[in-house]
Amino acid sequence: RTPISTNMAKKTISLFLFTLFFTLGAQAQTVIFNVNLKPNLEDSMFVPNQDKMVIIGNFYPLGVNRSVQMFDEAPIDSIYTAEIRFGSRYQGQVLEYNFQIVDENGNKNTESMVRKITLSAGETEIPPLYFNAFAW
(Lines give C-alpha, C1' and ligand atoms only; values in the text may rest on other atoms or scores of the structure.)
Protein backbone atom coordinates (compact mmCIF):
# COMPACT_ATOMS: atom_id res chain seq x y z
CA ARG A 1 0.00 0.00 0.00
CA THR A 2 2.82 2.43 0.73
CA PRO A 3 4.55 1.95 -2.68
CA ILE A 4 1.33 2.87 -4.51
CA SER A 5 0.88 6.07 -2.47
CA THR A 6 4.56 6.95 -2.94
CA ASN A 7 4.29 6.41 -6.70
CA MET A 8 1.10 8.48 -6.84
CA ALA A 9 2.75 11.29 -4.84
CA LYS A 10 5.80 11.23 -7.13
CA LYS A 11 3.61 11.39 -10.23
CA THR A 12 1.57 14.24 -8.77
CA ILE A 13 4.70 16.22 -7.85
CA SER A 14 6.27 15.54 -11.27
CA LEU A 15 3.12 16.70 -13.06
CA PHE A 16 2.98 19.85 -10.89
CA LEU A 17 6.64 20.70 -11.56
CA PHE A 18 6.26 20.05 -15.30
CA THR A 19 3.18 22.31 -15.43
CA LEU A 20 4.94 25.02 -13.42
CA PHE A 21 8.05 24.88 -15.61
CA PHE A 22 6.01 24.92 -18.83
CA THR A 23 3.91 27.86 -17.63
CA LEU A 24 6.89 29.93 -16.51
CA GLY A 25 9.00 29.07 -19.53
CA ALA A 26 6.33 29.80 -22.12
CA GLN A 27 5.15 33.27 -21.30
CA ALA A 28 3.27 35.27 -23.85
CA GLN A 29 4.64 38.61 -24.95
CA THR A 30 2.61 41.77 -24.57
CA VAL A 31 3.59 44.80 -26.60
CA ILE A 32 2.02 48.21 -26.04
CA PHE A 33 2.23 50.17 -29.29
CA ASN A 34 1.94 53.97 -29.27
CA VAL A 35 1.74 56.40 -32.17
CA ASN A 36 1.62 60.20 -31.88
CA LEU A 37 -0.85 61.62 -34.41
CA LYS A 38 -0.59 65.29 -33.44
CA PRO A 39 0.91 66.41 -36.82
CA ASN A 40 -1.65 64.28 -38.70
CA LEU A 41 -4.52 65.80 -36.72
CA GLU A 42 -3.24 69.32 -37.34
CA ASP A 43 -3.09 68.87 -41.12
CA SER A 44 -6.36 66.84 -41.18
CA MET A 45 -4.60 63.76 -42.58
CA PHE A 46 -6.33 61.91 -39.73
CA VAL A 47 -9.86 62.83 -38.65
CA PRO A 48 -11.01 61.30 -35.33
CA ASN A 49 -14.41 59.56 -35.33
CA GLN A 50 -14.11 59.28 -39.11
CA ASP A 51 -10.75 57.60 -39.70
CA LYS A 52 -9.30 54.59 -37.85
CA MET A 53 -5.74 54.12 -36.69
CA VAL A 54 -4.67 50.46 -36.91
CA ILE A 55 -1.53 48.39 -36.67
CA ILE A 56 -0.63 45.56 -39.06
CA GLY A 57 2.20 43.05 -38.83
CA ASN A 58 3.56 39.65 -39.73
CA PHE A 59 2.61 37.60 -36.62
CA TYR A 60 -0.81 36.59 -35.36
CA PRO A 61 -2.96 38.39 -34.23
CA LEU A 62 -1.65 40.86 -36.83
CA GLY A 63 -1.37 40.32 -40.56
CA VAL A 64 -1.79 42.07 -43.91
CA ASN A 65 -5.53 41.48 -43.70
CA ARG A 66 -5.68 41.34 -39.88
CA SER A 67 -5.25 44.58 -37.99
CA VAL A 68 -5.79 45.79 -34.45
CA GLN A 69 -7.41 49.17 -33.95
CA MET A 70 -5.61 51.75 -31.82
CA PHE A 71 -7.44 54.18 -29.55
CA ASP A 72 -6.68 57.56 -28.01
CA GLU A 73 -7.08 56.81 -24.30
CA ALA A 74 -6.43 60.45 -23.30
CA PRO A 75 -7.68 62.60 -26.22
CA ILE A 76 -5.69 65.61 -25.06
CA ASP A 77 -2.35 64.00 -25.97
CA SER A 78 -3.11 62.70 -29.53
CA ILE A 79 -1.37 59.39 -28.75
CA TYR A 80 -3.14 56.29 -30.01
CA THR A 81 -2.43 53.01 -28.22
CA ALA A 82 -2.98 49.28 -28.71
CA GLU A 83 -1.95 46.49 -26.34
CA ILE A 84 -1.34 43.23 -28.19
CA ARG A 85 -0.46 39.78 -26.81
CA PHE A 86 1.67 37.49 -28.95
CA GLY A 87 1.98 33.75 -28.33
CA SER A 88 5.08 32.37 -26.66
CA ARG A 89 6.09 30.65 -29.92
CA TYR A 90 7.13 34.09 -31.25
CA GLN A 91 9.54 34.81 -28.38
CA GLY A 92 12.89 36.01 -29.75
CA GLN A 93 11.50 36.54 -33.26
CA VAL A 94 11.41 39.89 -35.05
CA LEU A 95 7.94 41.36 -35.52
CA GLU A 96 7.62 43.55 -38.60
CA TYR A 97 4.77 46.03 -38.27
CA ASN A 98 3.34 49.28 -39.55
CA PHE A 99 0.83 51.86 -38.45
CA GLN A 100 -1.97 52.45 -40.92
CA ILE A 101 -4.69 55.10 -41.25
CA VAL A 102 -7.95 53.78 -42.68
CA ASP A 103 -10.43 56.40 -43.87
CA GLU A 104 -14.21 56.13 -43.82
CA ASN A 105 -14.21 54.65 -47.36
CA GLY A 106 -11.73 51.93 -46.42
CA ASN A 107 -8.76 53.57 -48.17
CA LYS A 108 -5.50 52.71 -46.39
CA ASN A 109 -2.51 54.97 -45.83
CA THR A 110 0.31 52.67 -44.68
CA GLU A 111 3.69 53.88 -43.48
CA SER A 112 6.39 53.79 -46.15
CA MET A 113 8.97 51.78 -44.13
CA VAL A 114 8.58 48.64 -42.04
CA ARG A 115 9.12 48.97 -38.29
CA LYS A 116 10.70 46.09 -36.34
CA ILE A 117 10.83 44.87 -32.74
CA THR A 118 12.21 41.65 -31.25
CA LEU A 119 9.55 39.98 -29.11
CA SER A 120 10.54 38.96 -25.59
CA ALA A 121 8.70 37.46 -22.63
CA GLY A 122 6.68 39.83 -20.49
CA GLU A 123 5.57 43.33 -21.38
CA THR A 124 7.25 45.88 -23.65
CA GLU A 125 5.97 49.42 -24.21
CA ILE A 126 7.10 51.27 -27.30
CA PRO A 127 7.32 55.02 -26.71
CA PRO A 128 5.07 57.20 -28.91
CA LEU A 129 6.35 57.28 -32.49
CA TYR A 130 5.19 59.69 -35.17
CA PHE A 131 3.21 58.20 -38.04
CA ASN A 132 5.42 57.63 -41.09
CA ALA A 133 8.43 59.36 -39.47
CA PHE A 134 11.68 57.47 -39.12
CA ALA A 135 14.87 58.61 -37.36
CA TRP A 136 18.19 57.51 -38.78
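Strand 3 and strand 4 pair in the antiparallel sense over two bridges. Strands count as paired if DSSP finds at least two bridges between them. Within this pairing, Phe71 stands opposite Thr81 of strand 4. The two strands form a hairpin with six residues between them. Ser78 in the turn has a positive phi of about 65 degrees. At 10% relative accessibility, Ser78 counts as buried; the term means under 20% relative accessible area, while exposed means over 50% and partly exposed lies in between (1.4 Å probe, protein chains only). Ser78 touches Val35, Asn36, Leu37, Lys38, Leu41 and Asp72, with residues up to four places away in sequence not counted. A contact here means heavy atoms within 4.5 Å. Strand 3 is also joined to strand 2, by three bridges, and these two strands run antiparallel. The bridge partner of Val54 in strand 3 is Gln69.

The model is predicted: local features need pLDDT of at least 70, side-chain atom pairs count only at pLDDT 80 or more, and totals for chains, interfaces and linings use all residues. Residues are numbered from 1 along each chain as its sequence is written, and side-chain values use heavy atoms, with hydrogens and water left out.

The protein chain contains two helices and nine strands. Both are DSSP runs numbered from the N terminus: helices are H or I with at least four residues, strands are E with at least two. Along the sequence the order is α-β-α-β-β-β-β-β-β-β-β. Of the 136 residues, 32% count as buried. Among contacts with a separation of 6 or more, 62% come from residues 24 or more positions apart. The accessible surface comes to about 9,000 Å², and 56% of it belongs to carbon and sulfur atoms. Areas were computed by the Shrake-Rupley method with a 1.4 Å probe; for residues, only the protein chains shown count as cover.

In soluble globular proteins, nonpolar side chains tend to be buried together. The largest nonpolar core has 23 residues. Such a core is a set of buried Ala, Val, Leu, Ile, Met, Phe, Trp, Tyr and Cys residues joined through side-chain atoms within 4.5 Å. Phe33, Met53, Met70, Phe86 and Phe99 touch the most other members. Strand 1 (29–36), strand 2 (52–57), strand 4 (79–86) and strand 5 (94–102) are the elements that give two or more residues to this core. Beyond residues up to four places away in sequence, the contacts of Phe33 include Ile55, Met70, Tyr80, Ile84, Phe86, Leu95, Phe99 and Ile126.

Four aromatic pairs are present. Rings of Phe, Tyr and Trp (its six-membered ring) pair if their centres lie within 6.5 Å; planes under 30 degrees apart count as stacked, over 60 as edge-to-face and the rest as tilted. The rings of Phe33 and Tyr97 have centres 5.0 Å apart and planes at 65 degrees, so this pair is edge-to-face. Phe33 lies in strand 1 and Tyr97 in strand 5, so the pair ties together parts 64 residues apart in sequence. Both residues are buried. The rings of Phe59 and Tyr90 have centres 4.4 Å apart and planes at 15 degrees, so that pair is stacked. Phe59 sits in the loop between strand 2 and strand 3 (68–72), and Tyr90 in the loop between strand 4 and strand 5. Phe59 and Tyr90 are buried as well. Phe33, Tyr97 and Phe99 form one aromatic cluster.

The structure holds two salt bridges. Each requires a side-chain nitrogen of Lys or Arg within 4 Å of a carboxyl oxygen of Asp or Glu. In one, Lys116 pairs with Glu96, with the closest N and O atoms 4.0 Å apart. Lys116 belongs to strand 7 (residues 115–118) and Glu96 to strand 5, 20 residues apart. Lys116 is exposed at 57% relative accessibility, and Glu96 is partly exposed at 34%. The side chains of Glu111 and Arg115 also meet in a salt bridge, at 2.7 Å from N to O. Both Glu111 and Arg115 are buried.

Most residues other than glycine have a negative phi, and most peptide bonds are trans. The peptide bond from Tyr60 to Pro61 is cis, with omega near 15 degrees. Pro61 lies in the loop between strand 2 and strand 3. Ser44 has a positive phi, near 60 degrees. Its place is the loop between helix 2 (38–42) and strand 2. Ser44 is exposed, with a relative accessible area of 53%. Asn49 has a positive phi of about 65 degrees and lies in the loop between helix 2 and strand 2. Asn49 is exposed, with a relative accessible area of 86%.
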